[in-house]
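Visitor: I am new to this one. Could you show it to me?

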Amino acid sequence: MRKHSLLKTNILVCTIILIGFFITAIVSYRSNIGVFEKDVEHVSTLATEGINSQIEAIFSRPVSVSLTMANDHLLKSFLTEEIKHPGNLAYITKMQAYLDAYRKKYNYDSVFLVSTRTRHYYHFSGLNRTLYEGHPENVWYYRFLKNDEEYSLNIDNDEATDDSITVFVNCKIRDANGFIMGVVGVGFKVDSLQKLLHNYDEQFNVEATLINEKGFIEVSSLKNGHEAVNFFAGNALSNFKERILETSEKPQTFWYSHGDRDGYVVTQYIPELKWHLVVENDVSAIRSKFREQIAWGFFIICGVIALVLFAITSLIKKYNAQIVKLTVSQETEYHRLLHSATEELYENIYEMDISRNRAGGETTRRYFESLGIGADGSYNQALEAFSRKIKEEYVAGYLDTFHSTHVLDAFEKGIHNLSYDFLCSDDGSNYHWMRISAQIFFWHSDQSVRMITYRKNIDAEKRRELGLLEETLKDSMTGLYNKRATEQLIAEGLENGKDTDRKHAYLIIDIDRFKTINDQYGHAFGDEIISEFTAELKSQFRNDDIVGRIGGDEFAVLMKNVDQTENIREKLDRICAKFARKEFGKNQKFHVTASIGAALFPEQGTSYRELYEKADQALYFSKTHGRGRFTIYGEEVSVSDTSRIDQRDMEALLHNATDGIAKLACIDNLSLLYFNDKFAELTGAPDKMLSSLHFSGWSLIHPDDKEKVQQAIVRAMPEKTPFTIFIRLLHHPDGHSIPVRISGWFADELYENRYPLFYAVVTDLSDIKPETEKQG
C-alpha cells in the first residue's frame, strides 16, 4: 500500500510539476515575448523618430536656401539681362561667382541655375551646357517645369562634380507676372543620407529605407534612387504595399510574418520630400532562440522532477525563489537594454507608472531620491521638484503637459506621444533648451498605464530655429525690424505695459528730402545713405528699445521706460544735432537732416494706432516748420492746430464729394491707383474694373485728348506745379464722351520708389452750355 501510495504521490507530484512547468513556461514565454516586443516597438519607433528628425534637419536648410535664391531680386535681374549678354564671359563669370558664393557659404556640393529663356545650365564652375528636350539627362528639368510644385527633390548624377550621385533641391524663379524665369537649386551628395541610414541600421539593428510614392528606393544604406530599384520586388513586405504607401501624417506600425521571417515595421510619410521612411526590425532569429530555450527548459525540468521526488519541499522553495529572481532580472535587463539602445539620442530615460502615480522601475526610483522626495515619492511630486529647474514662463506648460491626470486623459483619447520644449538650468542662471518626449502605453502584466520619458538637449537646434525666425523679422537692407515686425513688437510692448506705471515714447523719424537724393544721385547712392543713416540711428538707442524701418526713408522707434518728457527732449535734440553734423556717403560726402515726430505712452495713447497717428501729425509739423527738428505731440502740435484732416473726416469728404477724385502714377500706361465713388459714376466703369491691376488710366481718356494730357503732365512734373486741362472722358460701356475739367497736382512721393504720383479732381461740364448758346 505504501508503494502504491508513494507511487500515487509521486505521480501526483510529477503531474503537478509538469503542469506547473508547462504553465510557467507558457507564462514566461509570453511575458518575455511581451517585454521583447515592447522593446522592439520602442527601439523601432525611436529609430524612426531619430531618422525623421535628422532628415528634416538635412533638407530644411537646402529648401530654405533654394527658396531664398529663387526670390533674390539680384538673381532675377541677372536672368532679365541675360538675353543682352549672349556668350558674354564677364556676365557668365558674374553668374558663376554668385552661385559659387552660395556653394561656399552653405558648403554644398553643387549650386546651379537654368534659364528658361536660353536653356543655359549655369554652374558654380561656369556655363556648363545647354538643356535640350528629349535628352535623358534633362528629363528632370522639363518634368519640373510642367508640374505645379514650387520646389522639388530628385536624385541624379551631377555631371559638374564627376557624375557623383547627388540629391538636388530645385526651385522655380518667377517674375512679377508669375511666369517662370528659371530654375535654381542646390545639391549635396547622397552618401551623407546613406551614411545616416547606415549608422541607424548598425546602432538599432534595423533596416531603414527611403522610398518614393511608387515604391522605388530613393535612399538606403546600400542603394540610391539613381539605380531605380523597386522596394517591394521579392520583399517579404510586398503584401503590405498599400499600407506602407499611405500618406497619413501619423506613423504606421505593424507586426508581420511571412514564411520563416518575422518582424516589426514602422513607416512614416515625409510630406516635404513626398517619400516614405520604412524602418524594419527582423526578429526571426531572436524568436527562434526563445523557442530553443523553451525546449531546453523542458529537458532540464525532467531532470529536476527526479530530484523533486526526493526533496519536494526544498526544491519547490528553491524553484519559487528562482522564479522571483528571474522576474526581477527580466525587468532589470529590459531597462538596461532600453537605456543602452537610446542613450546616444537622449540624456535620461525614465519609466513612470501613471495609473499608480509612482516610479516604474529601480532607475526611476533612484532618480526620485536624487530630487529629494524619496524612492517611494509620487510621480506628481517628482514633477513639481523638477519644475524648479525650469524657467518661470515654461513651468505652467510643463506641469499641464505631464501631470498624471492629463497623461491619463490623453491616453483615453488615443494620444500616445507627448512633447514639450522649455528652458531649464542646473545652476539657476545659465539656461539651455531641453525637450522632453514621452510615450504612453498600456502594460498588460500589471494592467497599468505607463509612460517612458526621454530628455534631449536641443539648445543648438532651438537657437538655430529662433535665429531663422529672427531673420524673417528683419529688413534685408538695414538689418532693422521690417514694418510688420516693428508694428507687432511695438503693439505687444504697449499691451504688456498697460498694467504698469511704465512710460514709453513712440517716434517716427524721416530723412528730409530723400527723394531729391535719389533723383540727383541715383538709387544706389540713396541706398548707401539709408544704410549709413540706419547704423547711426541704431547707435543712438538702447538694446531693449525697438527700432524698425516702416517705409523707404521712414523709421519707427519705441523708447522704453523713459523717465520724463525733458529727458526725451534732450535725447531727440542730440539725435537731430548728430545727424545734422554727420557726413554720409563713402566716395561722395553728403549732409542730411532728419525730422522727428513723437507721441508719449500712456498720456497720448495706449495703442499702436493712436500713437502712430499723433506721432505722424507731430512729424508733419516738423516737416512744415523747417525740417531737421523734432516735435512732441501736445507741445507744439495738437489735433486743433495741425493742418491735417482726421481720417474719418477725410473718408466722409471723399464719399460725399461732388467731383471725381483720382490718384494716378506716371507709368507708361498712366496707372489708376485710387478713385472715389463719384469718379466711378462719372466714367461709368464698375469699381471692379477700375481697381483691376490690368486697367490702364489712358483707356478713360478720349484718344484725341491723350496728347494734351501728356503735354500737361510733362510741363507740370519737373516743378510740381498745379495744372488744369479741359478734355473728354470716355463713358463705359457705351463709349460716349463727357467734357470734364481736370485740376491736378503732383505729390511729394513716388509709386514703387520710382514713378511720380499726381492727384486729380475731375469736374463734369456736361450741363454747362457755351456762351453763344446762352445768348441765343
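Some questions and answers on helix packing and a sheet follow.

Guide: This is a predicted model, where local features need pLDDT of at least 70, side-chain atom pairs count only at pLDDT 80 or more, and totals for chains, interfaces and linings use all residues. Residues are numbered from 1 along each chain as its sequence is written, and side-chain values use heavy atoms, without hydrogens and water.

Visitor: How are helix 15 and helix 16 oriented to each other?
Guide: Helices here are DSSP runs of H or I, at least four residues, and strands are runs of E, at least two, numbered from the N terminus. Helix 15 (residues 514-521) and helix 16 (residues 523-539) pack with axes 7 Å apart, at about 140°. Axes are lines fitted to C-alpha atoms, for helices over the stretch in contact, and angles run from 0 to 180 degrees between N-to-C directions. Under 35 degrees is roughly parallel, over 145 roughly antiparallel, 65 to 115 roughly perpendicular and the rest oblique, so helix 15 and helix 16 are oblique.

Visitor: Which residues of helix 16 does helix 15 meet?
Guide: Contact means heavy atoms within 4.5 Å. From helix 15 come Phe514, Ile517, Asn518 and Tyr521; they meet His523, Phe525, Gly526, Ile529 and Ile530.

Visitor: Which strands stand at the edges of the sheet?
Guide: Strands pair if DSSP finds at least two bridges between them. The open sheet has five strands in the order 13-12-16-15-14, paired antiparallel. Each edge strand has a single partner, so one side is left without a neighbour in the sheet: these are strand 13 (358-359) and strand 14 (417-425).
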